[in-house]
Amino acid sequence: MAVATNLAVRFGSHLVGLHVRAPFQPPAYFDGSFVMDELFKIYEDTTASDQKAALEAFTAATQGRGIVVESQTLDGAVDRVVARRARCADLTVLGQASPEMPGSTPPDLPEVVALSSGRPTLVVPYVEIRQPIGENVLLCWNSSRESARAASDALPVLKTAKKVTVLAFRSGQEEDDETDVKAACEWLGRHGVKAAPSDEAAGDVDIGDLVLSRAADLDADLIVMGVYGHTRVREMVLGGVSRTLLRSMTVPVLMAH
């Protein structure tokens, strides 16, 4: 919420805090040790408590910041509700799931929203980060549709960044190994973004790990990348680079599909 609030202040945005109440799920194996009414009462109490805590946290994060804010509470499956609402927003800000703090939110929520909403998604790591973000941006580029979409969606942030590096890795396996980094930088330049190209050979190292390593070397505070994959019913298939970054991110990642 701090990241979302700071971005809203920076861009004069209308900020919506969305809380989703997941439906009641009776236990798969009911042995009669609890009366169903008692289980539903526990669900109602927990749901009300969670909603109250979410609203209080959102109010505390946004109060006195001089932006237009709105809180919404909707019912339904969390991933489906968030993805649907994301289609009516310029940017959706979500947190990376923490393995140390399990909760009711689906751990794959960021990638589901990014793959199915058609809008950019900003994923904030659960580890502590430096703020404000978006001053030193690492833009991942491989001339794909997804990387072009991510670069275009990130333009408002790129235009206000102090430093932008366009990073591409050549695997050497493709017949046409041109990544067009120079062309990407020229396109950004026409939008007033002064970007530095970085075109490197990947070798046999996992590209996701290389991106994280370069982000640390450059002291980047934001990674912009296209996310690769698709959703099929409730099964989600992610590309290797996307999965590595979403699992091991140390800085926020703005991704688009």
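User: Which residue in S4 is the bridge partner of Thr 92?
Analyst: That's Thr 121. Keep in mind that this is a predicted model.

User: Okay. How many bridges join S3 to S4, and do they run parallel or antiparallel?
Analyst: Four bridges join them, and the two strands, S3 (residues 92-95) and S4, run parallel.

User: And S4 with S11, parallel or antiparallel?
Analyst: Antiparallel there, over three bridges. Within S11, Leu 254 is the residue that stands opposite Leu 122.

User: Which way do the residues of S4 point, and are they buried or exposed?
Analyst: Thr 121 and Val 123 point one way, while Leu 122 and Val 124 point the other way. All of these are buried.

User: Zooming out, what is the strand order in the sheet?
Analyst: The order is S3-S4-S11-S8-S5-S6-S7. Those seven strands make an open sheet with mixed pairing. S3 and S7 (195-201) are the edge strands, each pairing on one side only. On average, neighbouring strands are turned by 25° against each other, ignoring direction.

User: What about S8 and S11, how many bridges there?
Analyst: Four, and that pairing is parallel. Gly 226, for one, has Ala 256 in S11 as its bridge partner.

User: Which strands does helix H4 touch?
Analyst: H4 (residues 109-116) packs on the sheet and touches S3, S4 and S11. The direction of H4 makes about 155° with that of S3.

User: And H7, which strands does that one lie across?
Analyst: H7 lies across S5, S6 (163-170) and S7. Relative to S7, H7 runs at about 165°.

User: Switching to H5. Which residues are buried in that helix?
Analyst: In H5 (residues 145-153), the buried ones are Glu 146, Ser 147, Ala 150 and Ala 151. Looking down the helix axis, the buried residues fall within an arc of 135°, so they line one face of H5.

User: Now the aromatics. How many aromatic pairs are there?
Analyst: The count is three aromatic pairs. In one of them, Phe 40 and Tyr 43 have ring centres 5.6 Å apart and planes at 40°.

User: Why does that pair count as tilted?
Analyst: Planes under 30 degrees apart would be stacked and over 60 edge-to-face. The planes of Phe 40 and Tyr 43 are at 40°, so the pair is tilted.

User: Where do those two sit in the helix?
Analyst: They are three residues apart in H2 (residues 36-62), so about one helical turn separates Phe 40 from Tyr 43.

User: Which residues make up the ring cluster?
Analyst: Phe 24, Phe 40 and Tyr 43, linked by ring pairs.

User: How accessible are Phe 40 and Tyr 43?
Analyst: Phe 40 is partly exposed at 34% relative accessible area. Tyr 43 counts as partly exposed too, with 23%.

User: Last one: what does the side chain of Thr 47 reach?
Analyst: The backbone oxygen of Tyr 43, at 2.8 Å. Thr 47 lies in H2.

User: Is Thr 47 buried or exposed?
Analyst: Thr 47 is buried, because its relative accessible area is 15% and the cut-off for buried is under 20%.

Notes:
Residues numbered from 1 in each chain as written. Predicted model: local features only at pLDDT ≥ 70, side-chain atom pairs only at ≥ 80, totals over all residues. Heavy atoms only, no water. Buried < 20%, exposed > 50% of the residue type's maximum accessible area, 1.4 Å probe, protein only. Arc of directions from axis to C-beta. Phe/Tyr/Trp six-rings, centres within 6.5 Å; stacked < 30°, edge-to-face > 60°. Pairing = 2+ DSSP bridges. Polar contact = N/O pair within 3.5 Å; in protein donor to acceptor, adjacent residues only side chain to side chain. Axes fitted to C-alpha atoms, helices over the stretch in contact; angles between N-to-C directions. Contact = heavy atoms within 4.5 Å.
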